[in-house]
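The structure under discussion is shown first.

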Amino acid sequence: MSPLLSIQGLQVEYRGRHRGSQRSVRAIEDLDLDVFSSETVAVVGESGAGKSTLAAAIVGLMHPAAGSIRFNGRELIGLRGRPGRETRRRVQMVAQNPLLSLSPRRLIAAQIEEPLRVHTSLSRADRKHRADEMLVALGLSSAVRGRYPHELSGGQAQRAVLARALVLEPSMIIFDEPTSALDVSVQAGVLNLLQQLKTNRGLTYLFITHDLAVARHLADRIAVMRAGEIVEQQPTQALFANPQHPYTRTLLDSSLTV
Amino acid sequence: MGRIAAPGGAVWHYRRSRLGMTAAIVAAAFVLVALFAPWLTPYPDAGRGIPDLSIRLQAPGWSHWLGTDDLGRDVLARLLFGARTALVVAFGVVALSVAVGVVIGAVAGYFGRWVDEVLMRITDTFLAFPPLLLAVLVAAALGASLRNTVIAVAVSWWPWYARQVRSQVLSLRERPYIKALQAIGVPHRRIIALHAVPNAMAPVWVQATADLGAAVLTAAGLSFVGLGPRPPTADWGTMISEGRQYVLSGQWWIAGFAGAAIVFVAMAFNLAGDVVRDVTDPKTRQN
Amino acid sequence: MTAGHMDEPGPVDRTPLLEVEGLRVTFNAPTGPVRAVRSVSLQVKRGEILGVAGESGCGKSVLFRALLGLLPITASVGGAMRFDGKPMGTDGALQQAAALIYQNPGAALNPVFTIGQQLQFVAGTKDHAALCDLLTQAGLSQPEQLLDAYPHEFSGGMSQRAVIAVALAQQPRLLIADEPTTALDVTTQGLVLDLIAQLRDRHRLAVVLISHDLAVIQRVCDRVIVLYAGQVVETGATSTVLTAPGHPYTRALLESVPRPEAVGEELASIPGLVPDGRQEISGCAFAPRCPHTHDRCRAERPALVPAGAGHRAACVLLAPSG
């Protein structure tokens with residue numbers, strides 16, 4: 001079986017901000033990662049490991065210096081125009097802070113319709129209908145439609161962000177720390193919802209987190225990232241039972257549990 | 001313009017600043033006076049510039065509260081009609097500068113890199129000239145008329161708005177919600193117009209309100225040196241310029257009242273700008 | 001040792017260093033009063049770490065900011081406070097004797113001064129050895145070099161240690177740590193918590209550790225109070241409260257954490273939302289979200305009642321009906 005997402009030899013650099021200076025910092029160093037259809041792969045690591053950069057590169061927010069990112073066999077890097085949009089709509093991203101991920105002065109309904117407006121030629125009424133369906137599917141009351149982001153709770157906002165990602169019916173979602181800004185009780189609800197959506201819609205997840213408990217709860221496979229590289233990659237059970245890399249061991253040992 | 005604050009909260013705050021409230025009322029009164037000028041004076045024809053040489057240079061009195069000018073026109077009527085000119089200039093200048101400044105600033109801030117570099121060097125070029133000098137040069141080149149006064153002042157003002165909006169958008173473009181929209185594939189044009197600019201405008205509205213007053217002042221300056229609207233259009237700057245020669249011979253009221261009107265309106269908009277800042281800035285709203 | 005001060009252990013121990021009675025904090029917002037802290041009583045002894053647990057909006061940070069006088073003027077604070085047995089106003093009098101460690105160490109240090117200068121300002125001494133000693137106590141090695149370093153040269157864990165060194169320079173008797181490890185990486189979290197425990201031992205400090213993370217509380221706290229909607233819903237020894245919680249909210253909070261033995265299973269989430277500070281609460285604040293709610297919960301406001309040795313919870317299920 002060929003992977004749904006296949007990353008090979010990926011290198012991402014941040015160019016030095018200062019004019020004139022050519023210094024660039026390499027955030028991702030020769031990274032390989034495959035994600036198969038209907039799988040949940042977690043990428044864990046500490047801040048500065050390059051996890052978020054990886055997410056940004058996959059959804060096209062950063063231009064890699066080298067390597068390839070294939071989705072469904074199609075190269076994503078440098079993909080533009082109509083075929084670019086067609087492919088990219090199949091990969092959506094959900095970022096860390098849901099309240100900051102929503103445009104502050106636009107109604108929730110308009111924001112959920114936004115991807116449809118860009119990627120489809122649906123009529124206004126159809127867009128509204130699809131957005132409504134999605135809100136209901138995610139357990140949001142229709143009252144949320146006419147609200148602004150700051151009027152939502154953290155959990156509601158994360159559901160709205162999910163609705164925006166799902167409205168295009170993607171096959172894969174990249175999550176970048178989706179629950180780290182939420183309270184545990186709210187996080188539990190969101191994690192349950194993610195499991196449910198995955199089963200019901202046959203989604204594939206790439207889940208970036210610093211929280212080992214969350215990774216363990218959701219992931220079929222875990223990749224441990226440090227300083228721009230994946231140091232270890234194993235099925236979840238095996239990784240916790242038998243960590244190979246010393247860094248993985250440090251990480252497992254230092255995580256606090258109740 | 002987007003929602004600045006909950007309406008209830010804004011009014012609540014407005015009431016706390018007497019001076020600001022007074023200024024806002026004066027500014028509003030100015031706009032109303034300009035709109036209804038013909039109905040506010042018994043001498044609308046004088047306001048429109050029709051002379052009556054039989055009543056030249058009359059001192060303020062019962063029939064002409066603020067006196068008459070050298071062509072026998074009621075000064076109050078001229079002031080009221082002059083307010084219309086001032087209104088067109090003020091809003092015209094600010095609207096034009098904001099429009100140009102916001103577009104250029106937002107594009108520069110959003111795209112960064114060479115786009116920013118090019119647009120900001122152009123902006124800097126305009127900023128290198130003293131604003132009034134630049135306005136005089138442009139007005140002189142275009143020829144004196146109401147429309148050209150507006151263009152001349154706007155040419156020297158838009159760079160300030162461009163810089164302001166650029167710095168706002170520069171920080172906004174790193175926000176997660178902008179990144180999210182880019183990842184979805186929303187076109188840049190749409191992100192700028194719908195999601196970046198509306199969130200960059202709060203300081204612009206503050207500046208714009210205060211600038212309405214400064215526009216009146218600058219336009220008066222242009223008219224004073226003969227680069228304003230052509231007669232017989234009533235205009236405060238022109239009134240000062242023409243009334244000036246009579247001040248020494250004791251007929252102070254033409255230039256005097258026109259000057260007072262300019263100072264009054266400029267100050268009112270300036271203070272109203274402070275009010276807009278207090279209302280839009282959540283930090284000052286809290287304390 | 002120049003910083004810190006060794007108090008002999010003695011009978012003082014029986015009286016708490018800090019006692020707070022019925023503290024209330026209300027913000028006067030344009031739309032009406034917002035009750036951030038409805039009523040909280042607590043005690044901290046010397047040499048003890050008290051954990052303050054709760055989710056966002058429960059009032060845990062506001063509570064101590066009020067005691068330290070760090071709230072905006074729109075806040076009104078009520079209740080009583082005793083420090084070292086002496087009554088004190090609740091208007092920030094604590095500032096003299098307490099040091100605060102913030103969540104974000106980067107923001108707590110001034111970027112334009114070296115660590116050495118910042119320590120100097122607070123410690124009031126230029127004595128090199130004394131300043132180095134503070135850094136060493138905070139677990140930083142090679143203190144001489146660090147004195148001349150600027151905050152941006154520090155990693156997150158090092159910054160938090162530097163903040164702790166600055167806190168120690170104030171020679172506090174009470175240390176208030178507000179989410180001290182939330183912004184840190186997993187591998188440094190435990191180390192910083194251990195450091196706080198060490199300092200508690202060495203200086204017989206009273207420590208208040210505010211955290212939303214029960215695992216953090218579990219690691220170092222002797223006792224814990226659990227806050228919900230600006231009220232204490234449970235208090236007791238950490239081991240008891242976190243293993244045999246008496247209040248349904250504490251239980252729900254513990255169950256919502258993903259656990260290795262329940263991988264892939266549905267997590268217990270708490271339905272509904274924390275009540276807003278604008279809402280009047282009659283009866284139990286948790287009743288609308290509680291799985292065990294019955295009529296009594298809505299009718300009467302539960303008081304803290306014993307749920308075991310030194311363990312109390314505010315739930316009517318524990319109180320004899322009457």
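In this predicted model, helix 7 of chain B meets helix 10 of chain B through B:T149, B:A152, B:V153, B:Y161, B:Q164, B:V165 and B:Q168. On the side of helix 10 of chain B, the residues in contact are B:P203, B:V204, B:Q207, B:A215, B:T218, B:A219 and B:L222. By class, this contact has 9 nonpolar and 5 polar residues, and no charged ones.

**Geometry of the helix pair in chain B**

- Helix 7 spans residues 146–172 of chain B and helix 10 spans residues 202–224 of chain B; the two pack at an angle of about 160°, with their axes 11 Å apart.
- Because of that angle, helix 7 of chain B is roughly antiparallel to helix 10 of chain B.
- The crossing of helix 7 of chain B with helix 10 of chain B is right-handed.

**The sheet of 6 strands in chain A**

- This sheet of chain A is open, has the strand order 6-7-8-3-9-10 and shows mixed pairing.
- Strand 6 (91–94) and strand 10 (229–235) of chain A stand at the edges; each has a single partner strand, so one side of each lacks a neighbour in the sheet.
- On average, with direction ignored, neighbouring strands of this sheet are turned by 15° against each other.
- Strand 6 of chain A runs parallel to strand 7 (residues 172–176) of chain A, and 4 bridges join them.
- A:Q92 has A:I173 in strand 7 of chain A as its bridge partner.
- Helix 9 (residues 246–254) of chain A packs on the sheet and touches strand 9 (221–226) and strand 10 of chain A. The direction of helix 9 makes about 105° with that of strand 9 of chain A.

- In chain A, 4 strands form an open sheet with antiparallel pairing, in the order 2-1-4-5.
- Its edge strands are strand 2 (24–35) and strand 5 (74–75) of chain A, each of which pairs on one side only.
- Strand 4 (residues 66–71) and strand 5 of chain A run antiparallel and are joined by 2 bridges.
- The bridge partner of A:F71 in strand 5 of chain A is A:R74.
- Helix 1 (residues 51–58) of chain A packs on this sheet, touching strand 1 (5–15), strand 2 and strand 4 of chain A. The direction of helix 1 makes about 70° with that of strand 2 of chain A.

Note on methods
Residues numbered from 1 in each chain as written. Chains lettered and ligands numbered in written order. Predicted model: local features only at pLDDT ≥ 70, side-chain atom pairs only at ≥ 80, totals over all residues. Axes fitted to C-alpha atoms, helices over the stretch in contact; angles between N-to-C directions. Parallel < 35°, antiparallel > 145°, perpendicular 65-115°, else oblique. Left-handed = near helix turned anticlockwise from the far one by under 90°. Contact = placed C-beta atoms within 7 Å. Nonpolar A, V, L, I, M, F, W, Y, C, P; charged D, E, K, R; others polar. Pairing = 2+ DSSP bridges.
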